[in-house]
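Here are my notes on the model you sent, as numbered points. Please read them with the structure open.

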Protein chains: 2
Amino acid sequence: MPIKLYDLAGADPDARFSPNCWRTRMALAHKGLETETIAWRFTDKEMIAFSDQGKTPVIVDGDRTIVDSWSIAVYLDEAYPDKPKLFEGPQARAHALFIKNWVERAVNPGVVKQIILPLFDQLAEKDKAYFRESREAMFKCTLEEFAAGAEDALPGFRASLNPLRVTLSEQKFLGGETPSFADYIAFGAFQWARVSSAQDLLEPTDTLVRWRQTMLDLYDGLGGKTPARAA
Amino acid sequence: MPIKLYDLAGADPDARFSPNCWRTRMALAHKGLETETIAWRFTDKEMIAFSDQGKTPVIVDGDRTIVDSWSIAVYLDEAYPDKPKLFEGPQARAHALFIKNWVERAVNPGVVKQIILPLFDQLAEKDKAYFRESREAMFKCTLEEFAAGAEDALPGFRASLNPLRVTLSEQKFLGGETPSFADYIAFGAFQWARVSSAQDLLEPTDTLVRWRQTMLDLYDGLGGKTPARAA
């Protein structure tokens, strides 16, 4: 029986843009586990009420329900120890937690500033009021005010990627010779941008383009098969 | 025969302020290896000419000479596989390389802006012209111009530590339950500041203070025994 993944989608059910759901899709592919994804919208709270919370990713593996992309990764390594590991061991996992926090604190805020308006635009109609209200409360300004100055912020955003850029010029993946869950965390940020916005956050000459393409090509092109946002 | 470590010092030979040398001192203590440190100044190039380069840390282990704090850590795990590991395995090491690059790109530049003038002030007289000339070429301005605005930059510097702060509120060390070389890399930045400047870069209520103190207490208080810069 495949593992079910409730996966955030836009108006187009194939527009799977959530960075955290992408972490989980890549993790499931890494483990080689058969997966069935279910398109879910922000306002489909009743659809995942069984998980006792209201966000995705949520996975259902037989009679087990697990929420939160980090917890899901830890669960998958514990439940499927004979499949390729997402974390080599406790120290690799502990270090990956730093990379997670860096992506969430130093990268994702820069991404969302760049993509917020096209991301909003592609949401299911029923999600738009929810998204606007919840994000405007978070940002303490309108979506349009939040997006203002995105162009001026782009060079600083690109510079903020330097620790990633330097590392991926020294080794193939964050995980070294092979990808680890840390790669999927970082990839989630770029896939979020790719599916939501036609603007490329990276310059074509950026050395990160090579790693991003490698990530898109993994697992029979899982990431790359999801359409990029059309210009 | 103890391992010899050439260790950057100020005018006071006990003022061991180099962040990279601290990585190595902590790594040698982690491995439980007997160590003899040799005070070295920036201009003592002939003293380490045998290493075919001009920077510290340099270690001499019997007939082996190793330079660069990262290469030394990798060497120590290879040469002493039965001693406590600095890296649990290849993936933990690969993830630690990201943390190294984050410290060097996102933290150390913020530290040096805060401490550059007291750091300069405590250098050996023979080092001062060298340091001023090389750093002013790097910064493309005088040391005094570089330090201007440090107070205004302090809140931003503290905010830049958020990925570290959040991680160390979730687990005891970057390495998890026990310190890894990633902890020594991050600690090096704080010890550099502590030995060079009487100003505390952290607010007393910062949750990072607990981790920093734990690091100072490790290995019979190795880090803490080195005097902090007097006010």
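Predicted model: local features only at pLDDT ≥ 70, side-chain atom pairs only at ≥ 80, totals over all residues.

1. The largest nonpolar core has 112 residues. Ile99(A) and Ile99(B) are the residues with the most contacts inside that core. In general, nonpolar side chains tend to be buried together in soluble globular proteins.

2. Even so, H8(A) has a kink of about 25°, centred on Gly188(A). The helix is mostly covered, with 16 of its 16 residues buried.

3. The contact between the chains takes 26 residues from chain A and 26 residues from chain B. On the chain B side, the elements that give two or more residues are helix H3 (90-121) and helix H7 (162-170). H3(B) gives the most, with 13 residues. By type, the chain B side divides into 13 nonpolar, ten polar and three charged residues.

4. How are the two copies related? Chain B superposes on chain A by a rotation of 180° with 0.0 Å of shift along the axis, at an RMSD of 0.0 Å. The two copies are therefore related as by a two-fold rotation axis. In chain B, the C-alpha nearest that axis belongs to Ala92(B), at 1.9 Å. The same surface serves both copies, since 100% of the contact residues of chain B recur in chain A.

5. Each chain has a cis peptide bond that deserves a look. In chain A the bond joins Thr56(A) and Pro57(A), with omega about 10°. Pro57(A) sits in the loop between strand E2 (35-40) and strand E3 (58-61) of chain A. In chain B a cis peptide bond joins Thr56(B) and Pro57(B), again with omega about 10°. The place of Pro57(B) is the loop between strand E2 (35-40) and strand E3 (58-61) of chain B.

6. Asp220(A) is not a glycine, yet its phi is about 60°. It lies in helix H9 (residues 208-225) of chain A. Asp220(A) counts as exposed because it has 8 other C-beta atoms within 10 Å, and the cut-off for exposed is 12 or fewer. Tyr219(B), also not a glycine, has a positive phi of about 55°. It is found in helix H9 (residues 208-225) of chain B. With 16 C-beta neighbours inside 10 Å, Tyr219(B) is partly exposed.

7. Is Gly223(A) buried or exposed? Gly223(A) is in helix H9 of chain A, and it is buried, with 25 other C-beta atoms within 10 Å. Leaving aside neighbours within four places in sequence, Gly223(A) is in contact with Phe187(A), Gln191(A), Met215(A), Leu216(A) and Leu218(A). Gly223(A) and Gln114(A) are 109 residues apart in sequence and 21 Å apart in space, C-alpha to C-alpha.

Note on methods: Residues numbered from 1 in each chain as written. Chains lettered and ligands numbered in written order. Contact = placed C-beta atoms within 7 Å. Helix = DSSP H or I, 4+ residues; strand = E, 2+ residues; numbered from the N terminus. Nonpolar A, V, L, I, M, F, W, Y, C, P; charged D, E, K, R; others polar. Core = buried A, V, L, I, M, F, W, Y, C linked by C-beta atoms within 7 Å. Buried ≥ 20, exposed ≤ 12 C-beta atoms within 10 Å, placed from the backbone. Bend = angle between axes of the 7 residues up to and from the residue. Least-squares fit on C-alpha atoms with pLDDT ≥ 70 in both.
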